Amino acid sequence: MDTDSFILVEKDGKESDRAVAFRNPYKRVYPASITKLMTALVCVNNVEDLDQEFVISPSSSIKVSGSSTAFLQVGESLKIRDLLYGTLLPSGNDAAVAVAEASFGSVDSFVEKMNEEAIHLGALSTHFTNPHGLPDESHYTSAYDIYLIMRAAMENEDLREILGTKEYQVVYKDRNGVKKSQVWKATNLYSTGEKELPSGLTILGAKTGTTKDAGYCLALDTEKSDSPYSYISVVMKGENKDNLYENMTNLLAKIS
């Protein structure tokens with residue numbers, strides 16, 4: 001393992017999770033789009049009806065170069081559930097802003113709730129300034145905190161389904177009420193088949209994150225075919241995609 005910050009935790013479904021391997025798990029790092037795990041978690045914890053529709057506002061039009069997108073346009077109408085898919089699968093920053101506004105009316109109010117939830121989970125090395133993870137000096141977390149957030153997200157039935165989805169066709173309405181659709185695909189290379197998991201492991205959920213400051217990051221929840229346990233693994237600040245997945249595969253090899 002040549003990455004500076006990672007953690008692998010064995011879950012037994014109770015309160016006695018066990019760290020199998022780690023390096024600098026509490027080191028403060030930038031989370032990039034892994035931020036969206038908390039965005040989704042705050043949404044499902046506070047929105048009673050995920051099938052209510054929300055109209056995309058101008059706030060979702062993010063002009064930052066390289067910003068990941070779900071290709072949503074102002075005035076389009078989607079179910080909040082579909083916005084969660086757009087947030088977690090293609091990692092759309094536009095969808096993340098829409099989730100925040102649909103949940104609390106404004107991004108600022110939503111971010112306050114994200115930080116409250118982080119404290120509630122014990123993610124004490126974390127502070128959020130936005131729902132998508134674009135760079136900000138005051139927007140940070142740690143590998144251990146991502147483990148806590150991933151564990152909480154996977155305990156929610158709706159998020160467990162979304163995070164385990166490889167491909168999703170969304171049908172929604174444009175600004176004129178006309179139906180349109182697109183297909184969103186998971187961004188992690190294990191799910192796309194571009195990288196191979198160690199033998200005997202299956203992905204239950206995954207979230208990637210990438211910016212220049214954060215490097216290449218990945219959080220996984222996996223299960224082993226011959227074991228009653230599942231495992232959350234987090235690798236932060238990979239130098240590139242190959243380096244990230246090499247490190248994650250080496251980490252997962254400890255349990256395969």
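Predicted model: local features only at pLDDT ≥ 70, side-chain atom pairs only at ≥ 80, totals over all residues.
Take R18 and E10. Their side chains meet in a salt bridge, 3.4 Å from N to O, and that is within the 4 Å limit. Now, are these two residues buried or exposed? R18 is partly exposed, at 43% relative accessibility, whereas E10 counts as buried, at 12%.

How many salt bridges does that rule give? The count comes to 10. Let me show you a couple more.

One of them is between the side chains of K27 and D4, at 2.1 Å from N to O. K27 sits in the loop between strand 2 and helix 1, and D4 in the segment before strand 1, so this pair ties together parts 23 residues apart in sequence. K27 is partly exposed, with a relative accessible area of 37%, and D4 is partly exposed too, with 33%.

Then there's D158 with R81, where the closest N and O atoms are 2.9 Å apart. D158 lies in helix 6 and R81 in helix 2, so here the parts being tied together are 77 residues apart in sequence. D158 has a relative accessible area of 26%, which makes it partly exposed, and R81 is partly exposed at 25%.

Five strands form an open sheet in the order 2-1-9-8-7, with antiparallel pairing. Strand 2 and strand 7 are the edge strands, each pairing on one side only. Neighbouring strands in this sheet are turned by 10 degrees against each other on average, if you ignore direction. Quick reminder: strands of a sheet pair through backbone hydrogen bonds. Zoom in on strand 7 and strand 8: they run antiparallel and are joined by 10 bridges. For a landmark, find T210, which stands opposite Y216 in strand 8.

Last stop, S91. Where is it? Look in the loop between helix 2 and helix 3. S91 has a relative accessible area of 5%, and it counts as buried because the cut-off for that is under 20%. Its side chain makes a polar contact with the side chain of S33, at 3.1 Å. Beyond its close neighbours in sequence, within four places, S91 is in contact with S33, K36, S68, T69, G86 and K207.

That's my tour, thanks!

Note on methods: Residues numbered from 1 in each chain as written. Heavy atoms only, no water. Helix = DSSP H or I, 4+ residues; strand = E, 2+ residues; numbered from the N terminus. Buried < 20%, exposed > 50% of the residue type's maximum accessible area, 1.4 Å probe, protein only. Polar contact = N/O pair within 3.5 Å; in protein donor to acceptor, adjacent residues only side chain to side chain. Contact = heavy atoms within 4.5 Å. Pairing = 2+ DSSP bridges. Axes fitted to C-alpha atoms, helices over the stretch in contact; angles between N-to-C directions.
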